[in-house]
Amino acid sequence: MTYTPKQFNLPALTGLSAEQIKVHLALYEGYVKNVNLVMATIAAYEKTDDEGGKYAIAEMRRRFAFEFDGMRMHEYYFEQFEGEKGGSPESGLAKAAAEKYGSGENFIKHIREVAGSRGIGWVVVYADPRAKTIHTVFVNDHELGQLAGLPVLLALDLWEHAYMVDYVPAEKKNYIDAFFANLNWSVVEKRFDAAI
Ligand SMILES: [Fe+2]
């Protein structure tokens, strides 16, 4: 099988220009292309007895999570901007957030604090269905440091490519404001309901 880039039905966004989104979507499509390339190249080498090919396969297997997680994390990211903005203080997510962080406002404040970590990466909010709770984590490299098996509820891309068309690095806070201005909490709530 091969992966096909998802087409996102994005509304007009606040604080994120069409050019910024275009550049970022092109980067996402590069990940999809490379996921397919890695799989096809491994399959081609598997048909040979070439020693170098075996070595190349081993290295591509190590590399696969970089391409795959880059693809999937961007799907989580862009999907969050789709649809009519919603969100309910009565949602399961809101209740879990209040239980862990004290209130919905504190939950958002916490995400913003984690997003202020130095360096590039992602803030990822996960559901832990076993413990019936949520975790907010800073993931530097998307192929490393993700929580095993936990469904992603929210993905905030903090690589500079996510905002460099519209903001300089010192304006990362403005980008985070724009992210929250455009975030459709209904999408995050649905992910929580599916996970828990
Ligand atoms: Fe990105």
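Where in the fold is I134 found? I134 sits in strand β2, residues 133-139. The model is a predicted one, so local features are taken up only at pLDDT of at least 70 and side-chain atom pairs only at pLDDT 80 or more, while totals for chains, interfaces and linings use all residues. Numbering starts from 1 along each chain as its sequence is written, and side-chain values rest on heavy atoms, with hydrogens and water left out.

As for the overall layout, the protein has six helices and three strands. Helices here are DSSP runs of H or I with at least four residues, strands are runs of E with at least two, and both are numbered from the N terminus. Along the sequence the order reads α-α-α-α-β-β-β-α-α. The radius of gyration comes out at 18 Å, close to the 16 Å that the globule rule gives for 196 residues, so the protein is as compact as a globular protein of that length. (That radius is taken over C-alpha atoms, and the rule is 2.2 Å times the number of residues to the power 0.38.) Taken along the principal axes, the C-alpha atoms fill a box of roughly 60 × 40 × 30 Å. Buried residues account for 43% of the 196; buried means under 20% relative accessible area, exposed over 50%, and partly exposed in between, with a 1.4 Å probe and protein chains only. Of the contacts (heavy atoms within 4.5 Å) between residues at least 6 apart in sequence, 71% join residues at least 24 apart.

Helix α1 (residues 18-46) packs against helix α2 (residues 51-79) at about 150 degrees, and their axes are 8 Å apart. Axes are lines fitted to C-alpha atoms, for helices over the stretch in contact, and the angles run from 0 to 180 degrees between N-to-C directions. The two helices, α1 and α2, are therefore roughly antiparallel; the label applies to angles over 145 degrees, with under 35 counting as roughly parallel, 65 to 115 as roughly perpendicular and the rest as oblique. The residues of this α1 with α2 contact split into 20 nonpolar, six polar and four charged.

H161 belongs to the loop between β3 (152-157) and α5 (172-182). With a relative accessibility of 14%, H161 counts as buried. Leaving out residues up to four places away in sequence, H161 touches Q20, H24, L27 and H74.

Back to I134, which counts as buried at 0% relative accessibility. Beyond four places in sequence, its contacts include A96, A97, Y101, F107, V125, L153 and F192. F192 lies in helix α6, residues 185-195, and counts as buried at 7% relative accessibility. Apart from neighbours within four places, F192 is in contact with G92, L93, A96, I134 and L153. By C-alpha atoms, F192 and V23 are separated by 29 Å.

Finally, there is K132, in the loop between β1 (122-128) and β2. K132 is not a glycine, yet has a positive phi of about 55 degrees. At 53% relative accessible area, K132 is exposed.

Terms used. Nonpolar A, V, L, I, M, F, W, Y, C, P; charged D, E, K, R; others polar.
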